[in-house]
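Reader: I have a structure open beside its sequence, and I would like to learn how to read its features. Could you walk me through a few of them?

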Amino acid sequence: MNDAIVFSTSPVTLIGAGTVPEQAIEAALALAPDVVCADGGANVALQLGLDPVAVIGDFDSLSEAARVAIPEDRLHPIAEQDSTDFDKCLRHIDAPLVLGAGFDGSRVDHQMAAFNAMVRRPERRCILLGPELISFVAPPELRLDLAVGTLVSLFPMAAVTGRSAGLRWPIEGLHFAPDGRVGTSNEISGPLHLWFDSPAMLMMLPLTELEPAAAALSQAPAWPVRAG
């Protein structure tokens with residue numbers, strides 16, 4: 001059953017209440033001009049002169065000024081406190097790709113909660129944009145053609161294995177886990193081809209590679225919807 005609040009056939013930009021670097025929001029809007037806000041992210045969007053198509057969250061940080069400025073039919077309160085506003089947005093946005101800004105770095109706990117939501121809902125393709133890096137859940141198979149020497153970091157959120165072509169340090173035969181082996185600061189050595197056995201690997205690339213990463217992720221096979 002589709003319980004989408006926002007339905008789009010194009011990527012959307014999702015703004016959170018954290019720090020939104022100028023270069024990150026510019027990069028996101030260039031690919032996804034329609035803006036959705038997670039609760040207090042609406043305050044940030046209005047300060048940036050943006051007009052959100054929807055605001056989703058428990059509204060504990062939405063300012064009164066934002067409530068007045070945004071049409072009531074675009075406000076979608078969800079009162080439950082068992083999930084974050086970011087998770088509420090992922091659940092209720094039906095789009096080929098979500099580009100999130102304002103969820104990365106300014107609060108480590110919020111950032112980790114966002115990563116947690118991404119790996120629990122891997123069928124919702126999402127890229128988080130920070131001041132320097134982008135982060136997303138690696139799909140079952142991914143092809144990317146980036147410049148030799150480009151930074152690639154892999155961080156497991158659960159036990160996961162994979163295979164690679166085009167990495168300076170190949171990953172085949174390695175067993176990754178958040179309390180064990182991780183894969184930070186690898187590098188591109190040629191056309192990149194990755195395979196993973198579960199939706200538990202976060203992949204990180206420079207912000208400058210957002211456009212090719214978004215295109216590759218949109219074309220990659222999808223993880224199935226997780227039960228529960």
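Predicted model: local features only at pLDDT ≥ 70, side-chain atom pairs only at ≥ 80, totals over all residues.

Reader: Which residues are linked in a network of salt bridges?

Author: The network links Glu-80, Asp-87, Lys-88, Arg-91, Arg-120 and Arg-121. Within it, the side chains of Arg-121 and Asp-87 meet at 2.6 Å, N to O. Arg-121 lies in the loop between α5 (108-120) and β8, and Asp-87 in helix α4 (residues 85-92), so the pair ties together parts that are 34 residues apart in sequence. Those element names come from DSSP runs, numbered from the N terminus: helices are H or I with at least four residues, strands are E with at least two.

Reader: Are Arg-121 and Asp-87 buried or exposed?

Author: First the scale: buried means under 20% relative accessible area, exposed over 50%, and partly exposed in between, using a 1.4 Å probe and protein chains only. Arg-121 is buried at 17%, and Asp-87 is buried at 2%. Another salt bridge joins Lys-88 to Glu-80 at 3.8 Å, N to O. There Lys-88 is buried, with 0% relative accessibility, whereas Glu-80 is partly exposed at 27%.

Reader: What does the salt bridge between Glu-187 and Arg-168 tie together?

Author: The side chains of Glu-187 and Arg-168 meet at 3.5 Å, N to O. Glu-187 sits in strand β13 (residues 183-196) and Arg-168 in the loop between β12 (162-167) and β13, so this pair ties together parts that are 19 residues apart in sequence. Glu-187 is partly exposed at 27%, and Arg-168 is partly exposed at 48%.

Reader: Now for strands. Which strands does β9 pair with?

Author: The general idea is that two strands pair if DSSP finds at least two bridges between them. Strand β8 (residues 126-129) pairs with β9 in the antiparallel sense over three bridges, and Leu-128 stands opposite Ser-135 in β9. The two strands form a hairpin, with three residues between them. Strand β9 also runs antiparallel to strand β14 (residues 201-206), joined to it by five bridges. There, Phe-136 has Met-203 of β14 as its bridge partner.

Reader: Why is β9 described as largely enclosed?

Author: Four of the five residues of β9 (residues 133-137) are buried, so the rest of the structure largely encloses this strand.

Reader: How should I read a pair of packed helices?

Author: Two packed helices are described by the angle between their axes and the distance between the axes. The axes are lines fitted to C-alpha atoms, for helices over the stretch in contact, and angles run from 0 to 180 degrees between N-to-C directions. Here, helix α1 (residues 22-31) and helix α6 (residues 210-219) pack at about 45 degrees, with their axes 11 Å apart. That makes α1 oblique to α6; angles under 35 degrees count as roughly parallel, over 145 as roughly antiparallel, 65 to 115 as roughly perpendicular and the rest as oblique.

Reader: Which residues of α1 and α6 meet?

Author: Ala-27, Ala-28 and Leu-31 in α1 meet Leu-210, Glu-211 and Ala-214 in α6, where contact means heavy atoms within 4.5 Å. Helix α6 also holds Gln-219, which is exposed at 70% relative accessibility.

Reader: How far apart are Gln-219 and Pro-96 in space?

Author: Their C-alpha atoms are 9.8 Å apart, although 123 residues separate them in sequence. Pro-96 belongs to the loop between β6 (93-94) and β7 (98-101) and is partly exposed, at 34%.

Terms used
Residues numbered from 1 in each chain as written. Heavy atoms only, no water. Salt bridge = Lys/Arg side-chain N within 4 Å of Asp/Glu carboxyl O.
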